[in-house]
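User: I would like to learn how to read the contacts between parts of an assembly. Please take me through one example.

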Amino acid sequence: MPEGVSLSALAALPWDAVLILLPLTGAVAAGLWPRSARPIGLLVSAGGIPILVGLGTAVAGTDGLHHAVGGWGAPLGIELRADALSLVFLATTALVGLGVALYADSYFEPTLARWFWPLWLFLLGALNALFLSADLFNLYVTLELMGLAAVALTALGGGRAALTGAMRYLLATLLGSLVYLLGVALLYHATGTLDFGLLGQRLEAGPASRTALGLMGAGLALKTALFPFHFWLPPAHASAPAPVSALLSALVVKASFYILVRLWLELFAPLAATAATGQVLGLLGMAAILWGSWQALRQPRVKLLVAYSTVAQIGYLFLAFPLLSAAGLPDAAAWRAVLWLVLAHALAKAAMFLAAGNLLRFGGHDRITDLDCVAQRLPLTVAAFALAGVSIAGLPPTGGFIGKWLLLEAALLQGRWDLVTVMLLGGLLAAGYVFKVVGHFFTPAATRHEAQRVPARMEWTALGLAVLALLLGLAPGILLPWFDSAVVMPMAGARQ
Amino acid sequence: MTGPDYLSALLLLAGALFFLAGTLGLLRFPDVYTRLHALTKADNVGLGLIVLGLALQSGSWLVAGKLVLIWLLVLLAGASVAHLIARGARQRGIPEWRR
Amino acid sequence: MNPGNGILLSVLASSLLPGLVIFAIAEHRIALRTTLNLLGAVVKLVLVGWMLWGVAHGQAYELRLALLPGLDFVLRAGPLALLFVTLSSVLWLLTTLYAIGYLEGSPHRSRFFGFFSLCVTATVGVALAGNLLTFLLFYELLTLSTYPLVVHRATEAARRAGQSYLVYTLSGGVLLLAGTVWLYSLTGTLEFRATGFVQDLDASHHGALIAIFWLLIAGVGVKAALFPLHGWLPQAMVAPAPVSALLHAVAVVKAGAFGIVRIVYEVFGVEQAADLGVTLPLAGLAAFTILYGSLRALYQDDLKRRLAFSTVSQVSYIALGVAIAGPIATIGGLVHLVHQGLMKITLFFCAGNLAETLHIHRISEMDGVGRRLPWTMGAFTLAAFGMIGLPPVAGFVSKWYLGLGAMEAGQDWVVLVLAGSSLLNAAYFLPILHRAWFRAPAGDGFAAAGGRHETGWLLLWPPVITAAMSLGAGMLAFIPFSPLEWVQFIGRREFIGYE
Amino acid sequence: MTAAFYALAGVALVVLGLYGLSVQAHLLRKLLAVNILGSGVFLVLVSLGGQPGAAPDPVPHAMVITGIVVAVSATALGLVLMLKVAAASGRPTLDDAPKEDRCPKE
Amino acid sequence: MNLLQTGFDGLLALGLIWLAWRALACPDLFRGIVLFIAFGLLMALAWVRLEAPDVALAEAAIGAGLTGALLLAALARLNRTAAAQTLPREAWRSGPALLLVLAGAGLGLAVLSLIPEPAGLQAQVAAELGRSGVSNPVTAVLLNFRGYDTLLELLVLLLALLAAWSLDADPPRREAPAGAVLDMLLRLLLPVLVLAAAYLLWAGAHAPGGAFQAGAVLGAAGVLALLAGWRLQPHLTGTPLRLAVTIGPGGFLLVAWAFAAGRPAAAGISAGTRRRSDPADRDPGHPVHRRHPGSAVPGLAARRR
């Protein structure tokens with residue numbers, strides 16, 4: 001980069017294109033030269049952060065950076081859009097991705113690491129592409145790329161549970177994508193375009209758009225493992241290798257939620273007669289919280305417990321759908337809280353799964369009752385799990401608490417007592433299953449196990465992510481303005 | 001309908017007849033070998049007649065050449081596939097039909 | 001950074017930083033850990049003294065950090081806050097000394113002292129909190145930092161006690177959170193104000209305010225061991241003695257009581273609470289808890305469980321004092337917060353000594369203990385007299401003011417409750433004293449041990465000092481900076497109802 | 001008029017695919033059902049495009065071609081995974097305990 | 001005349017549904033797969049009727065041909081390894097069926113409501129066709145206007161292959177040699193297939209055809225070679241094979257890099273607060289993926305194992 005380039009030219013660089021192309025090129029290169037897969041993987045995972053900062057500076061101040069791929073305009077070509085909302089998810093991906101990459105570097109032995117890096121870079125590229133795309137069909141292709149990469153990563157470990165989990169996950173993700181595509185077909189033929197901006201202007205309430213909302217909602221809810229469709233998540237996330245389950249729970253599940261948020265905020269919320277769908281999603285969210293937490297309490301193994309905790313925490317994200325402001329538009333405060341919870345949950349859940357991975361590597365099993373004086377022998381992992389658990393349960397001083405507080409506030413301002421009680425109950429149940437595990441950290445197991453050494457880097461990355469979740473709670477003042485601008489409201493008074 | 005149209009209609013009809021015969025053979029014959037025999041013989045000739053009929057309709061030598069090329073390719077593929085199926089059946093020891 | 005928040009931050013940091021460093025220290029580095037602990041305690045004491053002097057001369061200390069839009073992280077050192085901070089920092093120093101002696105040679109001390117310091121940070125935070133959100137933040141941090149102390153022994157019994165402790169305290173936390181958010185959605189502010197910040201709400205919110213009051217009281221009542229929510233206290237006795245002392249005399253229980261004081265005085269305001277008609281039921285509940293705790297204490301043979309139930313009843317004195325909406329009763333309640341802390345920590349130190357040196361846990365085994373541990377049992381006796389309310393010791397002062405306040409507020413039945421509970425206190429303390437001093441020691445264990453043999457000085461001096469302090473608080477109640485004087489100063493500064 | 005036939009056929013295929021995917025136990029049949037579901041969606045996508053007289057709308061065509069290629073790669077991965085599941089669990093189905101009551105009555 | 005056509009279409013639609021139902025419902029898996037292949041061919045016919053020749057080609061080559069071959073190969077290996085016994089066919093479950101039929105009815109109504117005047121992008125595509133470098137509208141959309149989709153799609157193919165390799169699927173063992181006839185047929189057919197693929201790729205610019213159809217034909221050639229027992233020499237299965245596999249997507253990505261980084265200033269970034277009201281006023285940015293046809297060979301050897 002010639003030093004003569006001024007900052008403005010630097011900002012004009014197509015950061016969003018770079019953010020997508022770098023991981024994908026890295027993946028192809030890692031596939032081509034397996035021996036150099038590790039350095040490429042680490043480099044690209046780390047490289048994501050500075051690129052993101054560059055994109056952030058470019059987006060700051062504007063209400064969105066539009067990049068017409070291939071120079072063709074919106075209706076014909078595909079538009080990339082980078083605004084505050086996509087940056088929130090991109091930042092989550094970059095942070096958790098870097099942490100998990102460092103962890104995976106010392107988790108996998110060479111034979112598996114050779115495949116982990118290209119598949120992980122494909123997943124990273126797909127996530128970045130998904131968060132930046134503003135075209136419905138392009139989102140379908142990125143969803144597929146992400147889904148296949150996630151399935152391959154889940155099955156990486158081999159073993160019966162991982163393979164059946166991966167198969168169940170593959171079928172669920174294919175079904176979700178195709179139902180989503182059917183919704184896209186209806187929308188395309190109703191409005192004649194696939195671009196978010198134009199769709200926002202042309203979409204009218206009618207049987208076609210309502211059915212499209214139903215289909216896309218169902219497809220994306222299936223991929224986000226919302227309550228009735230969550231059957232595939234626990235076996236897949238619990239049996240996958242630890243870094244992979246961290247990626248799945250923290251990032252992959254959030255990608256389809258991101259699309260649902262985009263659709264809801266920009267296209268469907270202003271339409272008449274969609275409030276009912278919002279209420280249904282809210283109800284399913286509440287059911288997810290209670291059912292997920294209850295199941296998590298009953299699990300005998302740590303990873304299954306953490307996986308069911310994901311099912312419960314996803315329920316929280318759907319509580320913002322029923323909350324509407326006076327004008328019938330989505331309530332900005334509620335959505336700001338949900339976006340905050342997305343970041344806080346991603347960090348905390350990734351730390352929890354990595355810590356669970358350490359426990360598994362240390363004791364050879366993750367049965368909760370047989371944890372053998374782990375508090376003394378793996379202090380960093382125990383600290384990571386406890387800190388992350390506190391954030392998941394939404395107890396102060398962590399990021400989870402801030403998110404829960406904002407959501408409670410938004411719900412109370414609209415007098416939604418059902419949401420408030422379910423949130424509080426969910427927090428209590430979450431504390432229940434977290435401290436069920438933490439309690440067993442201290443006690444000795446009935447039979448003594450010979451312990452395996454856990455590399456220090458694995459413990460430090462888990463603790464690092466957990467501390468990030470804590471810092472999120474200590475200094476929300478800095479980040480909150482960014483989340484305020486992230487809730488992109490459709491033009492006020494959009495057609496009813 | 002000029003002269004060549006009549007001729008091509010006739011050829012197409014004959015081709016269709018041959019296909020009918022092949023299909024009848026497929027349904028009626030008792031074992032795999034005889035069915036193979038019926039299919040390859042009748043359908044290839046039928047296809048030849050249809051190709052000729054269409055060539056007349058196409059009115060340009062280039063298209064007619066392509067159609068004949070298609071016919072040759074089907075002949076080649078049909079013959080070798082029939083051989084493979086017969087060989088496969090023989091390896092599995094399927095007996096021939098004896099009255 | 002004006003001087004105000006500099007001091008406040010350093011008061012918190014004086015126990016937080018050593019705590020974090022101690023976590024990292026290897027187990028065998030005893031000298032470093034001890035110096036860090038004591039250094040932190042001393043620094044905190046000096047800072048608190050400095051602030052006491054400052055506040056006495058009208059200096060205001062406040063720290064405000066942006067946390068949430070419209071809600072800040074506020075630390076404010078008012079006279080009421082300093083009362084609790086002084087108590088906790090003084091007793092933290094003594095408990096640290098005691099813990100160092102008590103845990104001699106036991107494993108995982110770095111982890112213990114790390115959480116020990118975190119716990120005190122949370123207590124100081126609870127005291128200094130300037131609004132209900134900061135209070136909630138430190139209140140939950142207190143729960144999280146005390147849990148590892150309760151399960152420190154790492155036995156199955158400890159784990160189960162820890163689970164029940166969490167069930168109670170986290171449920172309380174959730175209720176407190178619910179009340180706080182609901183209140184915030186109604187009032188739009190959570191800043192503590194001398195006469196409460198709820199008056200400007202119109203009458204239509206009365207039902208909501210009453211519900212919020214009971215949510216908040218239930219939330220803090222768990223830690224203050226009010227009647228239905230006290231179950232965790234006796235079970236937490238499985239923890240080591242310094243932890244029981246810290247939980248019962250200094251940190252957790254007092255945080256709950258302090259929470260009740262904050263809610264009644266600085267959230268609702270005494271008049272508003274009286275208008276809502278919630279103070280009387282609160283007083284009734286407190287009175288019932290006093291009697292219930294004393295009754296249950298009668299039947300406990302295990303010394304620490306008896307002291308635990310005694311705490312359940314004693315803390316409700318503070319709640320009672322607060323619930324009787326008179327200024328004198330308030331003084332009685334607030335001063336009891338300090339006195340009960342001093343007396344109860346002495347009792348637990350002595351119980352710890354008995355367990356540590358003579359391995360005596362049950363009252364039935366305490367025959368003739370007075371002859372073998374004269375100094376420890378002397379302190380125990382002094383504190384027991386205080387608890388019963390005999391004149392020279394501090395307990396009498398607070399009961400006197402409580403009775404006076406009740407009479408002045410026209411709540412005569414309270415005097416009956418006070419008298420009854422004093423009798424019950426006598427009923428469960430005097431047999432212990434009798435058995436300790438007037439019974440010959442059972443078996444020949446005593447002779448073999450060669451007559452009197454006291455515990456090490458580390459375990460002996462803290463109870464003696466706290467016993468002396470509770471005696472001093474009683475006899476020298478009139479000198480400036482004594483607990484009573486300071487409480488009257490609070491009365492003058494914070495509550496207009498007091499001339 | 002022809003568009004209506006194929007659109008409704010597409011819808012029928014979607015329903016068939018969903019039924020096959022949810023009811024069949026054998027993984028190969030589930031993958032077949034996914035392919036049929038995909039074909040149904042593509043049929044709906046293309047058959048709605050363009051009036052009979054005017055030129056057909058190329059964008060759905062491009063989308064369907066992309067969809068077919070994605071479907072074949074997903075099927076390929078599904079098949080490899082099915083083989084590994086069958087090898088690992090000795091049975092080409094997802095549920096562990098074979099359900100006895102599955103055998104048809106006739 | 002159109003009565004005959006509508007009759008034919010109706011018949012074809014019903015035939016599709018019936019074939020799909022039989023493919024799913026018949027107890028014998030092998031027959032199910034053969035029916036599925038027939039279903040694929042009928043689908044190709046349906047695409048022709050819907051005036052989508054490119055899609056018909058793709059369906060025939062990829063949908064029916066390749067998928068059918070994959071399914072048959074998987075079934076063969078499945079029977080060899082584990083579950084020799086065919087599972088009993090599931091009993092008819094009326095519960096889910098009823099639910100799905102209802103959903104289908106709702107879907108059908110929504111689709112029918114769109115039939116009268118579905119909106120589309122024909123006009124825009126026709127307008128920009130001149131500047132797209134090809135005359136076949138579908139190829140224009142596929143490789144130029146929505147070239148970014150195609151890039152991702154190629155990567156999906158490469159990803160599926162890497163995933164299959166990562167599951168260390170054991171390479172197909174050398175079955176009994178297929179005999180001289182297939183060998184001879186293959187020696188004749190392979191050059192023809194490669195030639196046909198090249199022609200399809202070249203023809204894609206102005207007539208139905210294009211990159212994916214050409215790739216599918218080559219893939220079919222690869223499958224035939226495998227069936228005939230041909231295997232890559234050992235020294236070729238290392239890096240050269242991986243190179244052959246990643247050359248396609250890699251090339252596409254390099255083109256993307258070249259244009260993305262090449263002219264950042266003139267890049268089509270409409271940074272700044274302007275929300276794009278209509279496409280016309282944006283400056284024509286750099287064509288990220290303008291490629292003259294035939295340069296980036298699609299995942300040619302993607303399926304050649």
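User: How far apart do the closest C-alpha atoms of chain B and chain C lie?

Analyst: One note before the reply: this is a predicted model. Contact is a matter of distance, with C-beta atoms required to lie within 7 Å. Chain B and chain C have no contact, and their closest C-alpha atoms lie 68 Å apart. Chain C and chain D do not touch either, with 36 Å between their nearest C-alpha atoms.

User: Which chains have the most contacts among the 5 pairs that touch?

Analyst: Chains D and E do. Their contact involves 73 residues of chain E and 71 residues of chain D.

User: Which element of chain E gives the largest share of the side that touches chain D?

Analyst: In chain E, α3 gives the largest share of the side that touches chain D, at 14 residues. Others that each supply at least two residues include α1 (2-25), α2 (29-49) and α7 (147-166) of chain E. By class, this side of chain E holds 50 nonpolar, 11 polar and 12 charged residues.

User: How many residues does the contact take from chain A and from chain E?

Analyst: Chain A gives 53 residues and chain E gives 58 residues. On the side of chain A that touches chain E, elements supplying at least two residues each include the strand β1 (65-69) and the helices α5 (110-132) and α7 (160-191) of chain A.

User: How is the size of an interface often given?

Analyst: It is often given as the accessible area lost when the parts come together. The figures in this discussion are residue counts.

User: Which domains does the domain assignment give for chain A?

Analyst: For chain A, the assignment gives domain 1 (16-169 + 225-261) and domain 2 (285-496). Taken over C-alpha atoms, the centres of these two domains of chain A are 21 Å apart. In chain A, 31 residues of domain 1 are in contact with 38 residues of domain 2.

User: Which element gives the most to the side of domain 1 of chain A that touches domain 2 of chain A?

Analyst: That is α4(A), with 12 residues. The elements giving two or more residues to this side of domain 1 of chain A are α4 (84-107), α10 (233-239) and α11 (242-268) of chain A. By class, this side of domain 1 of chain A has 22 nonpolar, 7 polar and 2 charged residues.

Definitions and conventions:
Residues numbered from 1 in each chain as written. Chains lettered and ligands numbered in written order. Predicted model: local features only at pLDDT ≥ 70, side-chain atom pairs only at ≥ 80, totals over all residues. Domains from an automatic or database assignment. Contact = placed C-beta atoms within 7 Å. Helix = DSSP H or I, 4+ residues; strand = E, 2+ residues; numbered from the N terminus. Nonpolar A, V, L, I, M, F, W, Y, C, P; charged D, E, K, R; others polar.
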